[in-house]
Amino acid sequence: MAEDKLKIVVFGAFGAGKTTLIKTLDPQSKHVEADGVGGSTTIALDFGKVEVNGRHVYLFGTPGQERFEFAREIIGKGMDGAILLVDATCPFDEFVRHLYDSLTGSHIPFVVMINKYEEVGAQPAALKKHMGGVPVHTISAKNRQVAFNTLCTFVATLPHGHGHVDHTI
Ligand SMILES: Nc1nc2c(ncn2[C@@H]2O[C@H](COP(=O)(O)OP(=O)(O)OP(=O)(O)O)[C@@H](O)[C@H]2O)c(=O)[nH]1
Ligand SMILES: [Mg+2]
């Protein structure tokens, strides 16, 4: 019987915490980043693996900078599910709206995770008003238990037996 494999792609604006989330979920994860102002930024992708209730979840993180749209398109191919990570300290701007609308239009199952809820100025309730009909969870990408439990809840909603991910990864 084929193993149950899931490709889940993390989308979100620049600095939302996508790389942090994947590092927290898989400390062995790999990251292609460049030094930027005030820290590093993803310029290609993040890649991590985690087991959720016996299912092999392959996590791909995308770059958040707008100019990397082509990378998001490539990384998103064949995904079984997506996470839209939104920074609770930032407004729901045009770019986040674009990511949200793209996922809604794709018919790929996705979940919204509002990150950095513990930060000063976090406004998760204001963000939630912009999103309807999709599960929204409030997390901290630095808190493994919260992040993992939220991922488990999402994975449990995904159908079995896809196996899109290539064995060579
Ligand atoms: N307080 C707080 N800071 C966080 C959290 N998650 C991420 N950060 C910080 O936010 C900054 C950006 O995090 P990254 O994980 O690099 O964000 P990213 O979404 O991968 O960014 P790009 O790759 O540039 O799109 C870093 O300084 C992180 O330490 C969180 O849950 N709480
Ligand atoms: Mg990143």
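What follows is a short exchange on aromatic pairs, salt bridges and the ligand in a predicted model.

Colleague: Why is the pair of Phe47 and Tyr58 called stacked?

Modeller: The ring centres of Phe47 and Tyr58 are 6.3 Å apart, and the limit for a pair is 6.5 Å. Their planes stand at 20 degrees, and planes under 30 degrees apart count as stacked, so the label applies.

Colleague: What do Phe47 and Tyr58 tie together?

Modeller: Phe47 belongs to strand 3 (residues 39-52) and Tyr58 to strand 4 (residues 55-61), so the pair joins parts that are 11 residues apart in sequence. Together with Phe60, these two form one aromatic cluster.

Colleague: Why is the pair of Phe68 and Phe70 called tilted?

Modeller: The planes of Phe68 and Phe70 are at 55 degrees, with the centres 6.1 Å apart. Stacked needs under 30 degrees and edge-to-face needs over 60, so this pair is tilted.

Colleague: What makes Phe68 count as buried?

Modeller: Phe68 has 7% relative accessibility, and buried means under 20%. Tyr58, at 9%, is also buried.

Colleague: How do you know that the charged end of Lys7 sits over the ring of Phe60?

Modeller: The distance from the ring centre is 4.9 Å, where the cut-off is within 6 Å, together with an angle within 35 degrees of the ring normal. The charged end of Lys7 is listed as sitting over the ring of Phe60.

Colleague: What makes Lys23 and Glu33 a salt bridge?

Modeller: The N to O distance between their side chains is 3.9 Å, and the cut-off is within 4 Å, so the pair qualifies. Lys23 lies in helix 1 (residues 18-25) and Glu33 in strand 2 (residues 30-36).

Colleague: Why are Asp101 and Arg97 said to be separated by about one helical turn?

Modeller: Both lie in helix 3 (residues 94-106), four residues apart, which means about one helical turn.

Colleague: Which atoms of Gly17 and Thr41 lie by an oxygen atom of ligand 1?

Modeller: For Gly17 a backbone N or O atom lies 2.8 Å from a ligand oxygen; for Thr41 a polar side-chain atom lies at 2.6 Å. The protein covers 81% of the 650 Å² of accessible area that ligand 1 has on its own.

Methods:
Residues are numbered from 1 along each chain as its sequence is written. Chains are lettered from A and ligands numbered from 1 in the order in which they are written. This is a predicted model: local features need pLDDT of at least 70, side-chain atom pairs count only at pLDDT 80 or more; totals for chains, interfaces and linings use all residues. Side-chain values use heavy atoms; hydrogens and water are left out. Rings of Phe, Tyr and Trp (its six-membered ring) pair if their centres lie within 6.5 Å; planes under 30 degrees apart count as stacked, over 60 as edge-to-face and the rest as tilted. Helices (H or I, at least four residues) and strands (E, at least two) are DSSP runs, numbered from the N terminus. Buried means under 20% relative accessible area, exposed over 50%, partly exposed in between (1.4 Å probe, protein chains only). A polar contact is a pair of N or O atoms within 3.5 Å; within protein, one must be able to donate a hydrogen and the other to accept it, and residues adjacent in sequence count only if both atoms are side-chain atoms. Accessible areas come from the Shrake-Rupley method with a 1.4 Å probe; for residues, only the protein chains shown count as cover.
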